[in-house]
Amino acid sequence: MRGPSPHLTRRTLLGGGLALGATACAGHRAAAVRTSGPVSLSLWTHDEGYETFFRTGIPGADRRTDFRYRLDVTRAGAADLVTKLLAQAVAGRGIPDLMGFEINGFPRMLRGDIAERLLRDLTGDIAAVPGLAADLLPARTAPYRQDDHLYALDSDTPLVVHYYRHDLFTRYRLPLDITTWEEFAEVGALAHRRHGIALNAVVTGSDVNQVVQSFQMVLNQRGGALFDAEQRLTLDSPEAVEVLEFLCRGLRDGFVIDISDYYGGAMQAALKRGTVAGLAMASWYKVYGLMANVPEQSGRWRIRPLPRFSRGGHATSTAGGTGFGVLRGTANERAAVDFLRATWLTHEGQVRRFRRTGYLPTRRSVFEDPSLLRTEDAYLGGQRPFDVYTALLADVPPVHMSPDQSILHDVLSGHLLRAYRGDASPREALREAAEDFRDQAGR
């Protein structure tokens, strides 16, 4: 096993802005690493869907590995799980074998060498499977990398598409061949004036992650980013200014609506009234946003690729994700790696994950699975969604994380709201957000 002890000192987590201490807690492996036989894996996750997926994958994992599995599952809020993990690491006991990190919680693991101490570098495990490393989409390994080490494997390739009400577009004779956001703005403004509808939405409520997400999705598509691969802030860029100007124009002209969040009562009401006739959102939103809020609108929705910015950028963007990582230093470390490979990464497992959760594959080849290509989605009026998804795969932008992600979300969300209200220009809002971040993060 490479590197230092996997256990953390209290100083590691509580002192010096989470900088690691020089010593480690007592508590190396209590038992030799198991290499075969019955094993009870401790799994921590925030989502019941993941628990169900892994439980139903046990028979296949039993066949493919030298282990016979059972799962001991702990479920809690995504942020709470990371806090609990760090506290248990300080105590030197009680860490899980396998854990899911919601993408906004994972940056806490990037502080100092916390990830290196606690999480297994999965790079070698991926390389050991012929062809797997080349097949995994780089855009979905990027959020969980640090110093060329891969610490978690994503649950999804959450491609952002434009959802639209096909019946309303037909009724109002809105064009379906809009290719640029600039043309989209003109069509959308006219549709709002004539019919009182919006074709996109931004979040302006109290959930800072959603406020940033509705901006970041479009920013990443334009070719901008919050951070680069070296974790340096790249927010104050021409691309960011262009995107924020576009969203502010949308709010003024009515083709973008402001909502408190993507899932609650206000959004449900807007969807039911038909006020929101379209929005840019990730592939999983059909299940967790539309079907959850307006099941009666089955057959009325469709998806299509996002319009593109005429000055450049990408065909799509991403939003969300959960990376599963293996904890170092447990007796079940080998069993957890084998279980993850036998369920999470097999072709069959990725197809099954889509069927059960709606999450898209993270292996490029699985998008070409004949059964997925033939899939007709009743909620989307019989549309074959993989016709849209596969066309986007060649141009998916990566998302890079920073240990100071939460600081940026806190300061940026407030400045985005100032720009949306007209209290600051987009350029001023982004410049001041960058300044506030550097003051608080110290870099």
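A cavity is a set of grid points where a 1.4 Å probe fits but cannot get out, and its lining residues have an atom within 4 Å of a point. With that in hand, turn to this predicted model.

The structure holds three cavities of 30 Å³ or more. The largest cavity contains about 50 Å³ of space. Its lining is made up of Leu136, Leu137, Arg140, Thr141, Leu153, Asp154, Leu345 and Thr362. Sorted by class, four of these lining residues are nonpolar, two are polar and two are charged. Two elements, α8 (138–141) and β6 (153–154), each give at least two residues to this lining.

Five strands form an open sheet, in the order β2-β1-β3-β12-β6, with mixed pairing. The edges belong to β2 (67–75) and β6, each of which has a single partner strand, so one side of each is left without a neighbour in the sheet.

Further in, look at β3 and β12. Strand β3 spans residues 98–102, and strand β12 spans residues 322–326. The two run antiparallel and are joined by five bridges.

Helix α2 (residues 48–56) touches β1 (37–45), β2 and β12. The direction of α2 makes about 170° with that of β2. Helix α15 (residues 333–343) also packs on the sheet, touching β1, β2, β3, β6 and β12. The direction of α15 makes about 90° with that of β2.

Terms used: Residues are numbered from 1 along each chain as its sequence is written. This is a predicted model: local features need pLDDT of at least 70, side-chain atom pairs count only at pLDDT 80 or more; totals for chains, interfaces and linings use all residues. Side-chain values use heavy atoms; hydrogens and water are left out. On a 1 Å grid over the protein atoms alone, a cavity is a set of points where a 1.4 Å probe fits but cannot get out, and a pocket is an open set with protein on both sides within 12 Å along at least five of seven lines; lining residues have an atom within 4 Å of a point. Grid points are joined across faces, edges and corners, and a volume is the space filled by probe spheres set on the points. Helices (H or I, at least four residues) and strands (E, at least two) are DSSP runs, numbered from the N terminus. Ala, Val, Leu, Ile, Met, Phe, Trp, Tyr, Cys and Pro count as nonpolar, Asp, Glu, Lys and Arg as charged, and the others, Gly among them, as polar. Two strands pair if DSSP finds at least two bridges between them. Contact means heavy atoms within 4.5 Å. Axes are lines fitted to C-alpha atoms, for helices over the stretch in contact, and angles run from 0 to 180 degrees between N-to-C directions.
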